[in-house]
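Dear colleague,

Please find below the structure for your review.

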Amino acid sequence: MCNYSFFTKKTQLCCIYFLVLLIMNSITHNNLDLRSILSDKGISRTNFRSKLVYLFYSSNRSLSVEEILNYFKNSVNKVTVYRSLESFENKGLIHKVPDSKNLMRYSLCKDECSANSHNHNHGHFICYECNDTFCLDSIKIPEITTLKNFVIKDLKLTMEGYCKNCNTI
């Protein structure tokens, strides 16, 4: 006699496994092929890195390491997160942005960034209430060419206040 319930469960598991593989091999967000974004930037494609890219594109804001770890419910260790973030930054996919506690957050780069050059000539805004950091692409950092007795390596423009969601004025 044939055991149909075993066959059904086995078939269901095979279908679920197939669907998971299909989804993981074609992760997309708003018509973006997130796996090809990793490949195009020369970043090794792993399951975690694909999910991390998805997190950046779906969040539309800067992320801290703590927020990333919380999102993945600590299923990944800090070393893996830091290595992935370092790889993403070195390849021009993300850049560091400040936060209210002088810790680093990470935000997606615009198309003009590459492994050879980060082009971030914009200010940042830190909200006092929610502590989010926002890239202000419309606010350009002034170019200072000379400053007597100093060599300028980096110039940052950071504004602080309340974002539109937290503004109670």
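I begin with the cysteines of this predicted model. The cysteine sulfur closest to that of cysteine 127 belongs to cysteine 130, and the two sulfur atoms are 3.6 Å apart. A disulfide requires the sulfur atoms to lie within 2.5 Å, so this pair is too far apart for a bond. Cysteine 127 is also buried, because its relative accessibility is 0%.

The structure as a whole holds zero disulfides. Cysteine 135 likewise takes part in none; its nearest cysteine sulfur, in cysteine 109, lies 8.6 Å away. With a relative accessible area of 26%, cysteine 135 is partly exposed.

I turn now to the sheet. Three strands form an open sheet with mixed pairing, in the order S7-S6-S8. Strand S7 (133-136) and strand S8 (158-161) stand at its edges. Each of these two has a single partner strand, which means that one side of each is left without a neighbour in the sheet. From one strand to the next, the twist averages 25°.

Strand S6 comprises residues 123-127. Its pairing with S7 is antiparallel and runs over four bridges. Which residue in S7 is the bridge partner of histidine 124? That partner is cysteine 135, the residue described above as partly exposed.

With kind regards

Note on methods: Residues are numbered from 1 along each chain as its sequence is written. This is a predicted model: local features need pLDDT of at least 70, side-chain atom pairs count only at pLDDT 80 or more; totals for chains, interfaces and linings use all residues. Side-chain values use heavy atoms; hydrogens and water are left out. Two strands pair if DSSP finds at least two bridges between them. Axes are lines fitted to C-alpha atoms, for helices over the stretch in contact, and angles run from 0 to 180 degrees between N-to-C directions. Buried means under 20% relative accessible area, exposed over 50%, partly exposed in between (1.4 Å probe, protein chains only).
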